[in-house]
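Me: I'd like to learn how to read a protein model, one feature at a time. Could you walk me through this one?

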Amino acid sequence: MQTIGDVMTRDVRTITPQDTVQHAAQMMDELNVGAIPVCDGQKLVGMITDRDIAVRSTAAGQAPGSTHVSDVMSTEVRTCTTGQTVDEVLNKMGDVQIRRVPVLDEQSHMMVGIVSLGDMATKHSAGVDHALDEISTPSEPDRSPTRH
């Protein structure tokens, strides 16, 4: 049975909570990714996505050059460990409709990589169709007014 350690991407670039949203967007463009793990030193403290930037920063009229990543990042991050099975993590991804998960070392709890639906599709095809269906199931948009 394949584990996350077998399919994950290692040597992941991260950003700090003190970096600007503009720097995060530039990194996403440079790396051709839609999410970057946010680390304080070696500790994972959040994730910033292109959607976080669009919805929590740009739509709110914040200046990207002076808004910090910590102001818009997601702090409730689902993680997995290198020893978990691919099928187990695929099921979790489908349940919460996410496409990428930071990977932590079982012993140190430090981030050692990231695993995406794409990683699993290219290296472990069983179960990906079901997970993709679960992840892609449309949900109702949140039309509640935002408070500033």
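Me: Let's begin with one residue. Which residues does Thr49 contact, leaving aside its neighbours within four places in sequence?

Reply: Keep in mind that this is a predicted model. Contacts away from the local stretch tell you what a residue meets through folding, and here Thr49 is in contact with Met28, Gly34 and Ala35. Thr49 itself lies in strand S2, which covers residues 43-49.

Me: Is Thr49 buried or exposed?

Reply: For that you look at relative accessible area, where buried means under 20%. Thr49 has 17%, so it counts as buried. Its side chain also reaches the backbone nitrogen of Asp52, at 2.9 Å.

Me: Asp52 again, then. Which side chain does the one of Asp52 meet in a salt bridge?

Reply: Look for an Arg or Lys nitrogen within 4 Å of a carboxyl oxygen. Here the partner is Arg56, with 3.4 Å from N to O. Both sit in helix H3 (residues 50-58), and being 4 residues apart they are separated by about one helical turn. Asp52 is buried at 7% relative accessible area, whereas Arg56 is partly exposed at 38%.

Me: How many salt bridges are there by this rule?

Reply: The count comes to 2. As for accessibility, Arg13 is partly exposed at 40% and Glu30 is exposed at 55%.

Me: Now a whole helix. Which residues are buried in helix H5?

Reply: With a helix, list the buried positions and then see where they point. In H5 (residues 86-96), the buried ones are Val86, Val89, Leu90, Met93 and Gly94. Looking down the axis of H5, you find them within an arc of 140°, so they line one face of the helix. Just after H5, Gln97 takes a positive phi of about 55°.

Me: In which sense do S4 and S5 pair?

Reply: They pair in the antiparallel sense, over 5 bridges, with S4 covering residues 100-104. To find your place along the pair, note that Arg100 stands opposite Ser116 in S5.

Me: Let's zoom out. How many helices and strands are in the protein chain?

Reply: There are 7 helices and 5 strands. Reading from the N terminus, the elements run α-α-β-β-α-α-β-α-β-β-α-α.

Me: What percentage of the residues in the protein chain is buried?

Reply: Buried residues make up 34% of the 148 residues. Among contacts with a separation of 6 or more, 59% join residues 24 or more positions apart.

Methods. Residues are numbered from 1 along each chain as its sequence is written. This is a predicted model: local features need pLDDT of at least 70, side-chain atom pairs count only at pLDDT 80 or more; totals for chains, interfaces and linings use all residues. Side-chain values use heavy atoms; hydrogens and water are left out. Buried means under 20% relative accessible area, exposed over 50%, partly exposed in between (1.4 Å probe, protein chains only). Helices (H or I, at least four residues) and strands (E, at least two) are DSSP runs, numbered from the N terminus. A polar contact is a pair of N or O atoms within 3.5 Å; within protein, one must be able to donate a hydrogen and the other to accept it, and residues adjacent in sequence count only if both atoms are side-chain atoms. Contact means heavy atoms within 4.5 Å. The arc is that of the directions from the helix axis to the C-beta atoms. Two strands pair if DSSP finds at least two bridges between them.
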